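The entries follow the order in which I looked things up.

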Amino acid sequence: MNPEEPLPHSAIEDAYALTLGCILVVLGLALLHAAGLVTGGTAGIALLISYAVPLPTGVLFTLINLPFMWLAWKAMGRRFTLRTVLVGAGVAALGTWTRIGLTIAHIDPAFAALAGGSVIGFGALALARHHAGIGGTGVVTLWLQKTRGWNAGRTQMAIDALILLTALAFLPPERVGWSAISSAAISGILIAWHRPGRYRGY
């Protein structure tokens with residue numbers, strides 16, 4: 001094998017990475033929700049709706065993702081779509097379990113923004129590196145990176161800005177400000193570590 005080519009992942013490695021990605025996304029959502037924050041992407045939309053609808057954030061996250069699966073199938077292929085559907089089911093199940101099994105009595109919004117956003121970002125990175133996505137706007141950004149060469153992190157930042165501007169109509173400006181930090185943390189992870197050539201070679 002050419003030493004500059006990445007080593008293929010085994011089925012066990014893929015399964016573990018997808019599970020870990022789901023766990024990280026759900027944990028990040030729990031941190032943000034406990035602080036009353038939102039973020040960018042589908043996660044932000046799900047969090048915003050969760051403050052008005054009595055459903056687990058993970059379930060809302062999965063429901064919002066459903067319309068994007070058609071794009072995933074057309075643009076990213078069968079394997080990516082099937083794995084993303086599995087991720088959606090995993091996030092919904094773990095999100096429901098987290099609501100029952102995890103209680104956060106107090107969390108500083110600054111910590112929630114930075115830690116929650118970073119954790120979601122690493123979850124999205126784990127999924128993307130194993131040919132899956134967290135769905136929604138993430139599918140759009142990965143598709144644009146694949147077809148147009150647009151950096152997924154920077155594209156996500158533009159989409160997130162629109163979501164956060166919308167959040168101003170429903171949340172206090174201070175919370176939206178902290179939410180912007182969480183969104184920047186997610187995008188920062190993708191900008192730094194999800195780009196062509198990053199993991200080639202030794």
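Entry 1. I began with helix 1 and helix 6 (residues 109-128), whose axes come within 8 Å and cross at roughly 160°. Axes here are lines fitted to C-alpha atoms, for helices over the stretch in contact, and angles run from 0 to 180 degrees between N-to-C directions. Helix 1 is therefore roughly antiparallel to helix 6 (a term for angles over 145 degrees). The crossing is left-handed, that is, the near helix is turned anticlockwise from the far one by less than a right angle. Helices are DSSP runs (H or I, at least four residues), numbered from the N terminus.

I noted the basis of the model: it is predicted, local features need pLDDT of at least 70, side-chain atom pairs count only at pLDDT 80 or more, and totals for chains, interfaces and linings use all residues. Residues are numbered from 1 along each chain as its sequence is written, and side-chain values use heavy atoms, with hydrogens and water left out.

Entry 2. I listed the contact residues (heavy atoms within 4.5 Å). Helix 1 contributes Gly21, Leu24, Val25 and Gly28, among others; on helix 6 the partners include Ala113, Gly116, Gly117 and Ile120. By class, this contact has 18 nonpolar, five polar and no charged residues. Ala, Val, Leu, Ile, Met, Phe, Trp, Tyr, Cys and Pro count as nonpolar, Asp, Glu, Lys and Arg as charged, and the others, Gly among them, as polar.

Entry 3. I turned to helix 3 (residues 57-65) and helix 5 (residues 78-101), which pack at about 160° with axes 6 Å apart. Helix 3 is thus roughly antiparallel to helix 5. Their crossing is left-handed. Gly58, Val59, Phe61 and Thr62 of helix 3 meet Gly88, Val91, Ala92, Gly95 and Thr96 of helix 5. I counted four nonpolar, five polar and no charged residues there.

Entry 4. Which residues lie nearest the centre of the largest cavity? I found Ala124, Ile134, Gly138, Gln156 and Leu190, out of 23 lining residues. A cavity is a set of points on a 1 Å grid over the protein atoms alone where a 1.4 Å probe fits but cannot get out, and lining residues have an atom within 4 Å of a point. The volume is about 230 Å³, taken as the space filled by probe spheres set on the points. The lining comprises 11 nonpolar, 11 polar and one charged residues.

How values were computed. Helices (H or I, at least four residues) and strands (E, at least two) are DSSP runs, numbered from the N terminus. Angles under 35 degrees count as roughly parallel, over 145 as roughly antiparallel, 65 to 115 as roughly perpendicular and the rest as oblique. On a 1 Å grid over the protein atoms alone, a cavity is a set of points where a 1.4 Å probe fits but cannot get out, and a pocket is an open set with protein on both sides within 12 Å along at least five of seven lines; lining residues have an atom within 4 Å of a point.
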